[in-house]
Amino acid sequence: GTEDDAKDIYQDALIIFWQKVSSNDLVLTSKISTYLYSVCQNLWRKELVRKARESNEEVEKAEDRWS
C-alpha cells in the first residue's frame with residue numbers, strides 16, 4: 001500500500017487500542033507495540049480483501065457491459 005494507507009491503518013489501530021483501554025476490555029499478553037503491530041496487520045488484511053472484492057466487482061460489471 002501507499003504511505004497514506006499505512007497512516008490510515010495505524011490511526012485506525014490507535015483508535016481500536018484507545019477504545020479497548022477506555023472500556024477496560026484490553027488484556028495485554030505482549031508489549032503494546034506488538035499488539036498494535038498485530039492490529040495493523042489484521043486491518044491491512046481486511047483492507048486487501050475489501051480492495052480485491054471491489055476489483056472483482058468492477059471486472060464483473062465491465063464483463064456485463066460487453067456481453
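Biologist: Glu 54: what's its relative accessible area?
Modeller: Glu 54 is at 37%, so partly exposed. That class sits between buried (under 20% relative accessible area) and exposed (over 50%), with a 1.4 Å probe and protein chains only.

Biologist: What are the ground rules here?
Modeller: This is a predicted model, where local features need pLDDT of at least 70 and side-chain atom pairs count only at pLDDT 80 or more, while totals for chains, interfaces and linings use all residues. Residues are numbered from 1 along each chain as its sequence is written, and side-chain values use heavy atoms, with hydrogens and water left out.

Biologist: OK, salt bridges. How many?
Modeller: Five. The criterion is a side-chain nitrogen of Lys or Arg within 4 Å of a carboxyl oxygen of Asp or Glu.

Biologist: Which residue does Glu 54 meet in a salt bridge?
Modeller: Arg 50, at 2.5 Å, N to O. Both lie in helix H2, four residues apart, about one turn of the helix. Helices are DSSP runs (H or I, at least four residues), numbered from the N terminus.

Biologist: And Glu 47, which partner?
Modeller: Arg 50 again, with the closest N and O atoms 2.5 Å apart. Glu 47 and Arg 50 are three residues apart in helix H2. Arg 50 is partly exposed, at 34% relative accessibility.

Biologist: New topic. Where does Asp 5 pair up?
Modeller: With Lys 51, closest N and O atoms 3.5 Å apart. That pair links distant parts of the chain: Asp 5 is in helix H1 (residues 3-22), Lys 51 in helix H2 (residues 32-66), 46 residues apart.

Biologist: What's the relative accessibility of Lys 51?
Modeller: 33%, so Lys 51 counts as partly exposed.

Terms used
Helices (H or I, at least four residues) and strands (E, at least two) are DSSP runs, numbered from the N terminus.
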